[in-house]
Amino acid sequence: MALIYKIAPASLWEEARAKGQFDGAPVDLTDGFIHFSTGEQVRETADKHFRNQSDLLLIAIDAEHLGPQLKWEPSRGGALFPHLYSPLATRLAAWAKDIPMRSDGTHDFDGLLP
């Protein structure tokens, strides 16, 4: 299983689960694709884009289930990031876990990532 990760507000994911489809967070809708990170990238993504935000989930998706709509494209410093050019069926989530926030506004991924 090749897991990729989405960080999302818990309320947004719960809304998506209710309808069976995640269309993306506001930044995803603006950019035209759903942003994901690899396990190696997710901490930096959280620090850069989600610092001081609570009530976040880390959602794991098996990249192999996403088909050709998943593209690996250069982003920060030329690193390849997974981008999904379609809505995400929420049933494809392997799991979703709360991301604890530390007192300094960063997030604690200990025990969340394989």
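Modeller: Contact here means heavy atoms within 4.5 Å. The model under discussion is predicted.

Colleague: What is leucine 66 in contact with, leaving aside its neighbours within four places in sequence?

Modeller: Leucine 66 is in contact with Ile4, Ile61, Leu84, Leu88 and Leu92. Leu66 also belongs to the largest nonpolar core, which has 18 residues; Phe22, Leu66 and Leu88 touch the most other members. To this core β1, α1 (10-19) and β4 (56-62) each supply at least two residues. Apart from it lies another core, of 13 residues, including Phe50 and Phe109.

Colleague: Why is lysine 6 called buried?

Modeller: Its relative accessibility is 6%, and buried means under 20%; lysine 6 therefore counts as buried. The residue is found in strand β1 (residues 3-9).

Colleague: What makes the pairing of the side chains of lysine 6 and aspartate 28 a polar contact?

Modeller: The two side chains are joined at 2.9 Å, and the cut-off for such a pair of N or O atoms is within 3.5 Å.

Colleague: What makes β3 and β5 edge strands?

Modeller: In the open sheet of order β3-β6-β5, β3 (34-35) and β5 (70-74) each pair on one side only.

Technical notes:
Residues are numbered from 1 along each chain as its sequence is written. This is a predicted model: local features need pLDDT of at least 70, side-chain atom pairs count only at pLDDT 80 or more; totals for chains, interfaces and linings use all residues. Side-chain values use heavy atoms; hydrogens and water are left out. Helices (H or I, at least four residues) and strands (E, at least two) are DSSP runs, numbered from the N terminus. Buried means under 20% relative accessible area, exposed over 50%, partly exposed in between (1.4 Å probe, protein chains only). A polar contact is a pair of N or O atoms within 3.5 Å; within protein, one must be able to donate a hydrogen and the other to accept it, and residues adjacent in sequence count only if both atoms are side-chain atoms. A nonpolar core is a set of buried Ala, Val, Leu, Ile, Met, Phe, Trp, Tyr and Cys residues joined through side-chain atoms within 4.5 Å. Two strands pair if DSSP finds at least two bridges between them.
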